[in-house]
Amino acid sequence: MLTQSKFDKIVSPEDLRKITALNNEKLNAFIADAISLCQPRDLFICTDSPADHAHIRKMALETGDEFPLATPGHTCHFDGYRDQARDPAHTAYLLEPGQTLGKNIKSIDRTAGLKEVRSYLKGSYRNRTMIICFWCLGPTDSPFSISAVQITDSPYVAHSESILCRPGYDQFKNLDGSSDFFAFLHASGPLDSHHCSTETDKRRIYIDLDDETVYTVNTQYAGNSVGLKKLALRLAIHRASSENWLAEHMFVMGAHGPNGRVTYFTGAFPSACGKTSTAMLPHQTIVGDDIAYIRNIDGRARTVNVEHGIFGIIRSVNPDDDPEIYRALTTPAEVIFTNVLVSDGKPYWTGMKAELPQTGENHSGDWHTGKLDSDGKPVPPSHRNARYTVRLSELPNRDPHTDDPAGVPLSGIIYGGRDSDTLVPVEQAYNWTEGIILKGASIESQTTAATLGKEGVRKFNIMSNMDFVAIPLGRYVENNLDFGHSLQSPPAIFSTNYFLQNENGDFLNGKLDKTVWLLWAELRVHNDVPAINTPTGLIPRYEDLVPLFADKLNKDYTESDYTKQFTIRIPQLLEKYHRVENIYRTTVADTPRIVFDTFKHTR
Ligand code: SPV
Ligand code: MN
């Protein structure tokens, strides 16, 4: 129990008042345990005043976790050289003996896992301030809202959350003592002179599903440390599965069709496969770029963005391909750049279509062209997973319903992926069941820089959510199927592939062509255009794409391009479904029968 006398030197009367105002025993116990385990010098409790949020940013600058850049509001943070991505190998669910999540999901014994992670957390805040923040997942005071508490010793983590999340202190008061919140305890571990975590071999991300608590240590990379992103997604998937709603790795956006019509889509894409750039397409409106909750409200699917900011990949963001993002990153506003190259107070990154300086500072320390790392590998000017963090409210293309407590009506779902030779650029599923099974549950994607490990390998990635699914995969598929069937009229489902290549390795599409695929899907949702039947779904007619290319991209679309892009590659498709079916058959013990029946039906 949290009392002032027990932590006399640490918990000031003011701190105690802020915590006891929330009148929540589970919260008190969580904070008291974190204090005695991590042993901070003092506390900073954020109660969401503008001054509190400004103080978090100030702490990040004072400690050196971030440093200012030349443009007002811009700061930069470096994660350690070996702390640049999510770490699935050291991310695990803590389970009681006898519990299992199946072969594809890493879990460890709860008692042993807690003992291990607590040993790394012990004393880890010495001489540091414990920052305690309260956030709300989804819009506040809505049927979607979930309250969360984050404890961290990293002002950068708290600052990221203050940009990415909706404030939640006041909402915590409404919990009225219940245990209905997610809890995150993070410690950076020992730091080097650049404020980067050094003991990455002891990096651990352990998720306690029963307690809805996540412990994360010896890392600062946001995908491992920022509770409200992927850590909360895992807890939400677990919770959603018992409440018949969906927590998905999806953008939410308004697609702007004819005559001012706005049709809302969600899109699930593996990391670095065009998810943010789709949500930020010119002339469309963004609700969110990463995580969506979807609920059945009076028989209709409605969805919200869990966050209210973007933690986006900066590589290749340039004024031609991503004009909206580029503008946001070159205008004064509160933006954190991570793992970019900095020279003379300016951030640089690969693919920005500007000349990069030969020297500067980056995630490796002082950098110069030709620098090699300790393994003899060239150090690129900016990391492939370098990112920016910005509030959606800074963007002129933010959808006006972003914070609507009722969410937006969901009419279409897009499942993306990265494949050079199999799927056509866009295809609609015949119905919800086939969409979930043949599109979402069959996603394979060539790997990218967002997780550690080799790039370019074709990997099964169910609903682009593989890294985050916290329940057995069969149950997850079933939950998706059931959700759609509980609706009066489920959203239409589409697959997209932006990465088709010819035999020379050239991409068959321009980067903005995705506008056309999205707007064709928008027309299909309203049955405005017919489509061509194929064994796995419905593809566009040439004549329906030509005006979209002309009107939206000012581009001629030739029949020869159409033929190359939309030829059904039957051998590759058969191989794909064979590979995926085999994964379900051999590794997913609880695969629903309908999955196998549906694969059989495609042959
Ligand atoms: C992703 O990789 O899908 C991201 C960034 O959105 S992370 O926070 O690392 O998950
Ligand atoms: Mn993501």
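**View 1. The annotated binding site.** In the unreviewed UniProt entry, the annotation "binding site" covers Lys230, His249 and Asp290; such annotations may be inferred rather than shown by experiment. The three are spread over 61 residues of sequence, yet they cluster in space, with a largest C-alpha distance of 9.5 Å. Keep in mind that this is a predicted model, where local features need pLDDT of at least 70 and side-chain atom pairs count only at pLDDT 80 or more, while totals for chains, interfaces and linings use all residues. Residues are numbered from 1 along each chain as its sequence is written, and chains are lettered from A and ligands numbered from 1 in the order in which they are written.

**View 2. Around lysine 230.** Lysine 230 sits in helix H8, residues 227-241 (helices are DSSP runs of H or I, at least four residues, and strands are E runs of at least two, numbered from the N terminus). It counts as buried because it has 22 C-beta neighbours inside 10 Å (the cut-off for buried is 20 or more other C-beta atoms within 10 Å, with C-beta atoms placed from the backbone). Leaving aside neighbours within four places in sequence, lysine 230 is in contact with Arg86, Gly223 and Phe468 (contact: C-beta atoms, placed from the backbone, within 7 Å).

**View 3. Around histidine 249.** Histidine 249 is in the loop between strand S12 (246-248) and strand S13 (250-256). With 25 C-beta neighbours inside 10 Å, histidine 249 is buried too. Its contacts beyond four places in sequence include Leu233, Met463 and Phe468.

**View 4. The open sheet.** Four strands line up antiparallel as S12-S16-S17-S25 (strands pair if DSSP finds at least two bridges between them). S12 and S25 (408-409) are the edge strands, each pairing on one side only.

Key:
A residue is buried if 20 or more other C-beta atoms lie within 10 Å of its own, exposed if 12 or fewer, and partly exposed in between; C-beta atoms are placed from the backbone. Two residues are in contact if their C-beta atoms, placed from the backbone, lie within 7 Å.
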